Amino acid sequence: AAIAVTVFLAPNQVVTGGITGIAIVLNSFYQTPVGLVVLLCNIPLLLVGARRLGGFAFGVRTLYVIVVQSFAIDLLRPIAPSITAEPLLYSFYGGLLEGIGYGLIFRARATSGGVDIIARLLEQRFGTPPGRSLLVMDALVFSLAFVVYGPEKSLYALLVAFVATTAVDYTLAAGVRARQALIVTSQPEAVTGEILRELRRGVTLLEGYGGYTGASRAVLLCVVSRSEVSTLKTIIGDLDPAAFIIIGEASEVLGEGFRSVSTKQAPAPPTVPPTVSLPGVVLASPQPPTTGDNHLLEELLERQP
């Protein structure tokens, strides 16, 4: 994000939303350092936010992001001059780098401070949705840019905001290559067993009814990685060629086999899937008891009255 501001946006008088946009406007008139203005404006917001929003942990994470970003903006300015004056280039790459930077911050469960803190405070005090608050505050900054720089620069600022928002979404979704499959099949036991055996993925059995026939049909819900989709289709095609399959992209998957729901270290999944009771299907063979297990079992039996 600091590279975006220093190399592409501030030298070409294109603002971003929030406090950074205000700092760029002030820099155009008074030559004030953009990073310093961002840091000074964030200090009172950080003090209020740390007390009312997230306590010590929130304050430390946000302070780290603000300090690093502010110093990076000002330190990069003498050594990283603007590399283009083409409006489409600096708007696109400025928004792209800014979005990737903020996306990485959000993935680390941190915040960039500034209007993010204001939006959360308004939500806590008045119940205002954060998205609405951010939209209004960014609109005020863009209106200021319209007055100061004129309509053309304001339009490029809107383009930067669009590219940055898209880049944030892609950055947050990076590494998530899961696919969700809904399978309507007349062979639920066989399909479920083969998925567990071949792909080692969980399957949820749902009960559905045909809208036209009214007949009861089994519906299987399964989430697999993108590379496993072809194997999944092969399994279903071999066992039930008449099955109906819907495969869609899952924007985020949390749980066993994917990213953990908890921030704490999750226990490792078992190397052998548990035995599931499905008619006509043996999903996993139980392990034979060891010699030590036999002795323990004999002792327990001898203690029984």
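Sheet, packed helices and a buried threonine

Strand E1 (residues 178-185) and E4 run antiparallel and are joined by 6 bridges. One of the residues involved is Val 184, whose bridge partner in E4 is Phe 244. The model described here is predicted.

E1 and E4 belong to an open sheet of 4 strands, ordered E2-E3-E1-E4, with antiparallel pairing. Strand E2 (203-209) and strand E4 (244-249) each have a single partner strand, so they stand at the edges and one side of each lacks a neighbour in the sheet. From one strand to the next, the twist averages 20 degrees.

Two helices pack on this sheet. H8 touches E1, E2 and strand E3 (216-225), and its direction makes about 10 degrees with that of E3. H9 touches E1, E3 and E4, with its direction at about 10 degrees to that of E1.

The two helices also pack on each other: helix H8 (residues 188-199) and helix H9 (residues 229-239) have axes 10 Å apart, at an angle of about 145 degrees. Their crossing is right-handed. H8 contributes Ala 190, Val 191, Glu 194, Ile 195, Glu 198 and Leu 199 to the contact, and H9 contributes Thr 231, Leu 232, Ile 235, Ile 236 and Leu 239. By class, 8 of these residues are nonpolar, 1 is polar and 2 are charged.

Elsewhere, helix H7 (residues 151-173) contains Thr 171. Thr 171 has a relative accessible area of 10% and is therefore buried. Its side chain reaches the backbone oxygen of Ala 167 at 2.7 Å. Beyond its neighbours within four places in sequence, Thr 171 contacts Gly 99, Ile 100, Gly 103, Leu 104 and Arg 107. Arg 107 lies 64 residues from Thr 171 along the chain, and their C-alpha atoms are separated by 8.2 Å.

Technical notes
Residues are numbered from 1 along each chain as its sequence is written. This is a predicted model: local features need pLDDT of at least 70, side-chain atom pairs count only at pLDDT 80 or more; totals for chains, interfaces and linings use all residues. Side-chain values use heavy atoms; hydrogens and water are left out. Buried means under 20% relative accessible area, exposed over 50%, partly exposed in between (1.4 Å probe, protein chains only). Contact means heavy atoms within 4.5 Å. A polar contact is a pair of N or O atoms within 3.5 Å; within protein, one must be able to donate a hydrogen and the other to accept it, and residues adjacent in sequence count only if both atoms are side-chain atoms. Axes are lines fitted to C-alpha atoms, for helices over the stretch in contact, and angles run from 0 to 180 degrees between N-to-C directions. A crossing is left-handed if the near helix is turned anticlockwise from the far one by less than a right angle, and right-handed if clockwise. Ala, Val, Leu, Ile, Met, Phe, Trp, Tyr, Cys and Pro count as nonpolar, Asp, Glu, Lys and Arg as charged, and the others, Gly among them, as polar. Two strands pair if DSSP finds at least two bridges between them.
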